[in-house]
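Thank you all for coming. I would like to walk through one structure today, and I will go slowly enough that you can follow along on your own screens.

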Amino acid sequence: MLRQVEGSRAVAETVARCRPDVVAAYPISPQTHIVEALSDLVAEGRAGRCRFLMVESEFGAMSACIGASAAGGRAYTATASQGLLFMAEALPNASGLRLPIVMTVANRALGAPINIWNDHSDAMSQRDAGWIQLFAASNQEAVDLHVQAFAVAESLHVPVMVNMDGFVLTHAVEAIDVPDQEQVDALLPPFRPLHVLDPEHPVTIGAMVGPEAFTEVKYLEARRQLRALDVVGEVAERFHDVTGRRSGGLTSSYRLEDADVVLVGLGSLLGTAADVVDELRDQGMAVGLLGVSCFRPWPFEVRDTLARASRVVVLNRAVSVGAGTVLGGDVRLTLAGTPVVVHDVVSGLGGRPVTRDLLRRLLTDAAEGRLSDHELVFADLDESLAARALESELDHEEVGP
Amino acid sequence: MTELKLYQVGTFAAGNRLLDPSQRTEQSHAGRANSITSGHRACRGCGEALGARVVLDAAMRASAGRMVTVNATGCLEVFSTPYPESAWRVPWLHSLFGNAAAVASGVAASLQAQGRDDIRVVAQAGDGGTVDIGIGCLSGMFERNDDVLFVCYDNQGYMNTGVQRSGATPAAASTATTRPVGSRVGNAFGTGKSLPVIAMAHELPFVATATVADLHDLERKVVTAMGMHGARYLHVLVPCPLGWGTSSADTVRVARLAVESGFFPVFEAHDGEVTDVGRIRRQVPVADYLRLQARFAHLFGEPGHPDVVARLQRQADRSIAHFGLLEGEPS
């Protein structure tokens, strides 16, 4: 049933319906409303038998989830930005131990300078942590992805991160359909752990592995991630069967038929981008949009779609300093050997809005050959401010001995 | 327990054969759990291996085998689980170095949610994983009063990484990062922390210290702790032949001298108040304890540092006075 509700609240209600055993949380903006709501839901008895652990840090939150999951429980936490980095040590530990924890990341910039607003530098920084990473384009999708995340995680025994844009989604009140308990139960059977701390069957979990077997463990982990490319799609199909709603999957396509210039992006900017695509199509431009819902594992199948375009504009809300962007790199690798021109573009850092004007200009510039395809484009840079600062920086720089 | 007068070793410790069978240690029982089996890769004379065996077997008995364990990174983890081998016969989970307490909290919460909270949770770490890198998570577990017994095996340094100083290393000790070079006489005075006292400040239901020199006392404390709920802390002094430069045959002897010199106070506290202390039967000079250890050898050479030894003696004297450790003193 559609009702007006804040994104965070809707996610919290959905998580509660996923019947978690333990929610561990440490507050950080813009994740706070999710865990506040979960605290209430648990206290009100509306989250079943769930225990709510108020831990002392994000490192503690992920660690408590590791323990909760290894003890056979369904575990959930949420964080953002610095918090994600503070638990970074525990992320590959959770995936390496094959614990299907689900975590919301309310995407936010990384400091310094400290900035609480939305971009994707937090999630991108953890792309190699062995977690499946899903990105929500809307609050409805954020809600739906949480149910799917538990299903994907527990089918592969791999943890899943659900990314939703901080503030833009977490704090937006809009019409959302929170899946009801029956639907969630239909998609999410009781959790069956791979290995569990049990006095009846004592096992050693987390042994030390040396050079004789470490490579094989990592190979299996890589293979498992690639299996997720099938499972993510299968779960999205089952979700559609149960709810009648299309959400998730590996990618979303918008007006890609005969598109000459394709915009690739992820997160909430996809809504704005679709509007711009409509506008430019009305003006006769052959543009289209490819949204990445599943960022890790990377959906290499986009090659077939993207290879039909002549230009691809990859829009990132994160910079891989010194090397372009993560998403841009992934797309270039995917299109290696094709004549498609790839434009690697950064915009929307630290909460700067990605506007229709900006997207319109980007696509038009790309179509008319005015957009660089060999160096990283900072699309919404205040060039005069940056030039002044750069000049002064170079003045004070000492070069050489 | 039978009051035994065994003045020759200066302690109340007694061999099992002198005791009534009902008073003998868990280790003397054929039915002990053997929580950590022989064949692991600890050094000869390892105090931590001994401590862990005694603690876990006692905890297994106290919980009727309904127990799971969480282990921090460190010697105990490394020497017990080189893949594909494991020395553990209890459910055992190792995650990271600094998070054993939080992992254990998560295990306890999960078991409660699942209605399996008859299963008890014991977490183990060395002093690095407890007093330094693990203190944040540990303090969280303490203040939330999570239902976990956390055991610190204190060998007073980062022995697994090659004997570097930790926040539990005593003053004047030589470690790989506090070598007595230049004007430095080992680890600096006025540094380090007492985790048992910090734990008491959290007003935990149970805090205690013990050593591997008195296994009856150690087992009794484990059983007491396992009979209680909430956050409980046990700090066990475990000499390290490698890091302390002691003979591997002297592990128990060195631990005993740490107690008998007043250098390591043995006590038990409930709800933040000391309720019992391990009395010193026959006090020995701190120098007797220090001399057996190569990490203090620089204090005794030529010219040596008698002033530093005197300062360490004063430390022990303060500890003896603070806890009322001498027999006949009011506690």
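Predicted model: local features only at pLDDT ≥ 70, side-chain atom pairs only at ≥ 80, totals over all residues.

β1(B) is mostly covered, with five of its five residues buried.

Now to the neighbours of this strand. With β3(B), β1(B) pairs in the parallel sense over five bridges, and within that pairing B:Thr69 has B:Val122 of β3(B) as its bridge partner. With β2(B), β1(B) also runs parallel, and here three bridges join the two strands; B:Val70 stands opposite B:Leu93 of β2(B).

Strand β2 of chain B, residues 92-94, pairs with β9(A) in the parallel sense over two bridges. A:Ile205 stands opposite B:Leu93 in β2(B), and A:Thr204 has B:Trp92, also in β2(B), as its bridge partner. So much for the local pairs; what order do the strands of the open sheet take? There are nine of them, and the order reads β9(A)-β2(B)-β1(B)-β3(B)-β4(B)-β6(B)-β5(B)-β7(B)-β8(B), with mixed pairing. At the edges, each pairing on one side only, are β9 of chain A and β8 (273-277) of chain B.

A helix packs on this sheet, namely α3 of chain B, residues 100-113, which touches β1 (67-71), β2, β3 (120-126) and β4 (149-154) of chain B, and whose direction makes about 175° with that of β3(B). Turning to the nonpolar core, the largest one holds 235 residues, and B:Ala104 and B:Val107 are the members that touch the most others. This core draws at least three residues from each of domain 1 (2-243) and domain 2 (252-386) of chain A. For B:Val107, if we leave aside its neighbours within four places in sequence, the contacts are A:Gly67, A:Ala68, A:Ala70, A:Ala71 and A:Leu197 in chain A, together with B:Val68, B:Val70 and B:Val121 in chain B.

That brings us to the interface as a whole, to which chain A and chain B contribute 38 residues each. On the side of chain A that touches chain B, the elements giving two or more residues are β2 (22-25), β3 (51-54), α3 (58-70), α5 (90-96) and β9 (204-205). Which of these elements gives the most to that side? The answer is α3(A), with nine residues. By class, that side of chain A divides into 22 nonpolar, 10 polar and six charged residues.

Staying with chain A, let me look at its own division, which is into domain 1 (2-243) and domain 2 (252-386). Taken over C-alpha atoms, the centres of these two domains are separated by 28 Å, and the contact takes 26 residues from domain 1 and 21 residues from domain 2. On the domain 1 side, α6 (121-125), β6 (132-135), β7 (160-165) and α9 (214-243) each supply at least two residues, and α9(A) gives the most, with five. That side of domain 1 has 14 nonpolar, nine polar and three charged residues.

Elsewhere in chain A, strand β14, residues 311-316, runs parallel to β15(A), and six bridges join them; A:Arg311, for instance, has A:Val341 of β15(A) as its bridge partner. Strand β15 of chain A, residues 341-346, is mostly covered, since five of its six residues are buried.

Finally, B:Lys193 and B:Leu312 are 119 residues apart in sequence and 15 Å apart in space, C-alpha to C-alpha.

How values were computed
Residues numbered from 1 in each chain as written. Chains lettered and ligands numbered in written order. Contact = placed C-beta atoms within 7 Å. Helix = DSSP H or I, 4+ residues; strand = E, 2+ residues; numbered from the N terminus. Nonpolar A, V, L, I, M, F, W, Y, C, P; charged D, E, K, R; others polar. Pairing = 2+ DSSP bridges. Domains from an automatic or database assignment. Core = buried A, V, L, I, M, F, W, Y, C linked by C-beta atoms within 7 Å. Buried ≥ 20, exposed ≤ 12 C-beta atoms within 10 Å, placed from the backbone. Axes fitted to C-alpha atoms, helices over the stretch in contact; angles between N-to-C directions.
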